[in-house]
Amino acid sequence: MPDVTFKVYRGDAKGGKAVEYAVPISPGMVVLDAIHYIQGYLSPDLAVRWNCKAAKCGSCSAEVNGKPALMCKSRLDSLPIDKPITVYPMKTFPLIKDLVCDVSWNFEVNKKIPPYQPIEKKPKIFQDDVDRVQEFRKCIECFLCQDVCHVLREHEKKAEFVGPRFFVRLAGLEMHPNDGADRSEFMKNTAGIGWCNITKCCTEVCPEEIHITDNAIIPLKERVADRFFDPVRWFFRKLFGTK
Ligand code: SF4
Ligand code: SF4
Ligand code: FES
């Protein structure tokens, strides 16, 4: 098989540029294999983060031909190899070196989320309730959804908006049948759910195929709207003290 050209970003916080490498390919290869070839034979100081090579650890996130993707899940037979394949780091997070970004902002956001708060009188749980929450627990924290979201990427609203990954986490807590916490105010004022205009770009890049917008963000938006803008529900809450 012919060599394929990879244009890989090389640089750090101060700047850098894409460098071309010719990589011999074989059937079944993924982009991460090519990056490992470059590290092994052409440029041993190329920095890349990876771990499982099975699309389960969320470490090898990058932008392949301009699209946020896991390098270990990006098969070369799904890409046009007659042209150079570009591999860039995620743009939304500060660059450390080459393909490695500093994603620690996400871990700080995670700490702010009001945790699971068990209710005393547990209801009967149906399979549908389990399935609903299970979808959100598939998240591998690759942060590709955070990378693609224009609110963080273009508008840099990291101080006001937690991003789709954390609406997935919030949905998993809010829809847990045994959870009693009220996170509406957090979702409106701290998480900034109002900034999301449901473009669905996050859903398109999720390697776990979580329906981020339809199953997490839209129901959470509805909860916030009910809590703050529905006068009938407001009246009943005042009367009965419900969530
Ligand atoms: S749907 Fe919302 S959270 Fe997802 S990418 Fe669009 S603006 Fe961001
Ligand atoms: S929701 Fe999907 S895209 Fe976002 S961090 Fe989790 S697995 Fe990655
Ligand atoms: S190496 Fe683990 S997700 Fe790619």
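This is a predicted model: local features need pLDDT of at least 70, side-chain atom pairs count only at pLDDT 80 or more; totals for chains, interfaces and linings use all residues.

**Helix α3 and what covers it**

**Aromatic pairs**
- How many aromatic pairs does a search of the whole structure find? The search gives four, and two of them are described here.
- One of the pairs joins Y9 and Y88 in a tilted arrangement, with 5.5 Å centre to centre and 40° between the planes.
- This pair links distant parts of the chain, since Y9 belongs to strand β1 (residues 3-12) and Y88 to strand β5 (residues 85-88), 79 residues apart.
- Y9 is buried, at a relative accessible area of 14%, while Y88 is partly exposed, at 33%; the cut-off for buried is under 20%.
- Another pair, F107 with F143, is edge-to-face: the centres are 5.8 Å apart and the planes make an angle of 70°.
- Here too distant parts of the chain are linked, with F107 in helix α2 (residues 104-112) and F143 in the loop between α3 (127-136) and α4 (144-148), 36 residues apart.
- F107 counts as partly exposed, with a relative accessibility of 40%, whereas F143 counts as buried, with 3%.

**Charges over the ring of F228**
- The charged end of K188 sits over the ring of F228, at 5.0 Å from the ring centre.
- R227 also has its charged end over the ring of F228, at 5.1 Å from the centre.

**Around ligand 1**
- The shell of ligand 1 is made up of C149, H150, P164, C196, N197, I198, T199, K200, C202, T213 and I217.
- By class, the residues of this shell are six nonpolar, four polar and one charged.

**Around ligand 2**
- Which residues are around ligand 2? They are C139, I140, E141, C142, F143, C145, R165, C206, P207, I210 and I212.
- This shell around ligand 2 has nine nonpolar residues, no polar ones and two charged ones.
- F143, one of the residues around ligand 2, is also the partner of F107 in the edge-to-face pair.

How values were computed: Residues are numbered from 1 along each chain as its sequence is written. Chains are lettered from A and ligands numbered from 1 in the order in which they are written. Side-chain values use heavy atoms; hydrogens and water are left out. A residue is near a molecule or strand if one of its heavy atoms lies within 4 Å of it. Ala, Val, Leu, Ile, Met, Phe, Trp, Tyr, Cys and Pro count as nonpolar, Asp, Glu, Lys and Arg as charged, and the others, Gly among them, as polar. Rings of Phe, Tyr and Trp (its six-membered ring) pair if their centres lie within 6.5 Å; planes under 30 degrees apart count as stacked, over 60 as edge-to-face and the rest as tilted. Helices (H or I, at least four residues) and strands (E, at least two) are DSSP runs, numbered from the N terminus. Buried means under 20% relative accessible area, exposed over 50%, partly exposed in between (1.4 Å probe, protein chains only). A charge sits over a ring if NZ of Lys or CZ of Arg is within 6 Å of the ring centre and within 35 degrees of the ring normal.
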